[in-house]
Amino acid sequence: MGAPADEPKLYGRRAFLGVSAVGLSSLFWGKPVWDSVTGVLRPIRDALPPGLVPSGWRIYTVASSMPSFDPQTWRLRIDGLVEKPQTLSYHDLRKLPRAEQVSNFHCVTGWSVKNVHWAGVRFRDLLAAAKPGLDGTVLGFVSAEKPYFDTLTLQQAELHDAMLAYEMNGKPLAREHGAPARVVIPEMYGYKNVKWVERIVVLNQVQPGYWEERGYDVDAWVGRSNGY
C-alpha cells in the first residue's frame with residue numbers, strides 16, 4: 001500500500017525531532033536532516049564535532065552549503081507592497097537606528113540558548129523609508145540559503161523584541177548564525193528566525209514557509225504551537 005499523501009510532512013517532522021533525540025550538537029551540511037522528505041537521514045559521521053558549535057547552539061542547513069557574503073557587494077532588497085522599494089548595502093543597514101537586547105533562543109526540537117545578546121534594527125525603522133502600503137500586512141523573508149523562506153505578520157514583526165539582527169554577543173554575525181543579517185523573534189521557535197536574509201517582501205497575506213510546508217505550525221509561538 002502506498003504512503004498517505006501527507007506522509008512526507010509527518011516523516012519530515014519526526015526526522016527533524018529525531019536529531020534532538022540522539023543529542024547531536026552539530027553542524028549539518030549537504031543533504032541535511034530534512035532529507036527525510038525522501039526518507040533519508042544524513043549519517044551521524046558527517047556531523048562536525050560539538051566543539052565547533054559552542055554555547056549550546058545546533059546549526060542546521062537545508063542547502064548544500066551555507067551562504068557567504070561580501071560586505072562590499074551584499075545588498076538587502078525591500079520591495080513588494082511598498083511606495084518606495086529600497087536596496088540597502090551592509091553599511092546602510094548598520095547606519096539605521098540601532099537596537100540591542102538580551103533574549104533566549106528556542107528551537108522547536110527542544111533545545112534553547114539563554115541570554116543571547118543581539119544587536120540590529122527594529123522592523124519599524126527598517127521599513128520606514130520603503131513605506132509599506134495599507135494592504136501590506138505581512139513580511140516575507142527570503143534567505144540566501146535557497147529555498148528557505150518564511151513570513152511574519154507585520155504585527156508579529158513589530159513585537160518589542162523582534163528585529164533584523166546583524167550582531168550576536170558583541171560581534172558581527174558569524175556565517176553559521178546567518179551573516180550578515182537574520183530575523184530574531186524570541187517569542188517564536190527558531191525556524192521563524194530566518195537566517196542569511198537577502199530580501200524582505202511586503203505582502204498582503206501569510207504564505208507557508210519552508211518548514212510549514214513540511215508540517216510545522218505557521219505561528220510558531222514558543223510553548224503554544226507544534227504540539228507543545
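Over residues 1–51 the pLDDT is below 50. That stretch still has 78 contacts in the model, beyond near neighbours in sequence. Be careful there: where pLDDT is low, the predicted coordinates should not be read in detail.

Next, the overall layout. The protein chain has four helices and 10 strands. Along the sequence, the pattern reads α-β-β-α-β-β-α-β-β-α-β-β-β-β. There are 228 residues, and 49% of them count as buried. Take the contacts with a separation of 6 or more: 67% of those link residues 24 or more positions apart. The accessible surface is about 11,000 Å². Carbon and sulfur atoms supply 54% of that surface.

Now find strand β7, residues 163–168. Is β7 mostly covered or uncovered? Mostly covered: six of its six residues are buried.

Which strands pair with β7?

Start with β4, residues 112–121. β4 and β7 are antiparallel, with four bridges. In one of the pairs, Ala-119 has Glu-167 of β7 as its bridge partner.

Move on to β9, residues 182–184. β9 also runs antiparallel to β7, and three bridges join the two. Here Ala-165 is partnered by Arg-182 in β9.

Met-168 stands opposite Lys-171 of β8. These two strands form a hairpin with two residues between them. Look at Asn-169 in that hairpin: its phi is positive, near 55°.

Note on methods. Residues numbered from 1 in each chain as written. Predicted model: local features only at pLDDT ≥ 70, side-chain atom pairs only at ≥ 80, totals over all residues. Heavy atoms only, no water. pLDDT = per-residue confidence, 0-100. Contact = heavy atoms within 4.5 Å. Buried < 20%, exposed > 50% of the residue type's maximum accessible area, 1.4 Å probe, protein only. Areas by Shrake-Rupley, 256 points an atom, 1.4 Å probe, with all protein chains shown as cover. Pairing = 2+ DSSP bridges.
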